[in-house]
Amino acid sequence: MAVHNWQKSSFSGDAANCVYVSAVADCAVRIRESDDPDRVITTTPATFRALIRGVKAGEFDHLTT
């Protein structure tokens with residue numbers, strides 16, 4: 001069983017809607033949300049990097065309006 005070192009997003013602050021990320025030894029990145037911590041999304045580091053780049057570039061901003 002993998003040991004997770006969950007890190008909370010710095011943009012979450014003290015709010016209850018926090019995003020957590022964990023990278024484990026099997027070269028996978030795991031993502032969870034504080035409202036449902038038992039539901040975990042697993043992806044590759046390359047796919048996670050692409051997601052972060054897209055978020056920073058504003059590619060998903062249209063989904064928030």
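Student: How many salt bridges does a search of the whole structure find?

Tutor: The search finds one. Do keep in mind that this is a predicted model, where local features need pLDDT of at least 70, side-chain atom pairs count only at pLDDT 80 or more, and totals for chains, interfaces and linings use all residues. Residues are numbered from 1 along each chain as its sequence is written, and side-chain values use heavy atoms, leaving out hydrogens and water.

Student: What makes D36 and R39 a salt bridge?

Tutor: The term asks for a side-chain nitrogen of Lys or Arg within 4 Å of a carboxyl oxygen of Asp or Glu. The N to O distance between D36 and R39 is 3.1 Å, so the pair meets that cut-off.

Student: Why is D36 called partly exposed, and why is R39 called exposed?

Tutor: Buried means under 20% relative accessible area, exposed over 50%, and partly exposed in between (1.4 Å probe, protein chains only). D36 has 33%, so it falls in between; R39 has 61%, so it counts as exposed.

Student: And why does T43 count as buried?

Tutor: Its relative accessibility is 19%, so it falls under the 20% limit. Leaving aside neighbours within four places in sequence, T43 is in contact (heavy atoms within 4.5 Å) with A28, V29, I31 and F48.

Student: How do you know that R32 sits over the ring of W6?

Tutor: The rule wants NZ of Lys or CZ of Arg within 6 Å of the ring centre and within 35 degrees of the ring normal. The charged end of R32 is 4.3 Å from the centre of the W6 ring, and R32 also lies over the face of Y20, at 5.0 Å from the ring centre. Both distances are therefore within the 6 Å limit.
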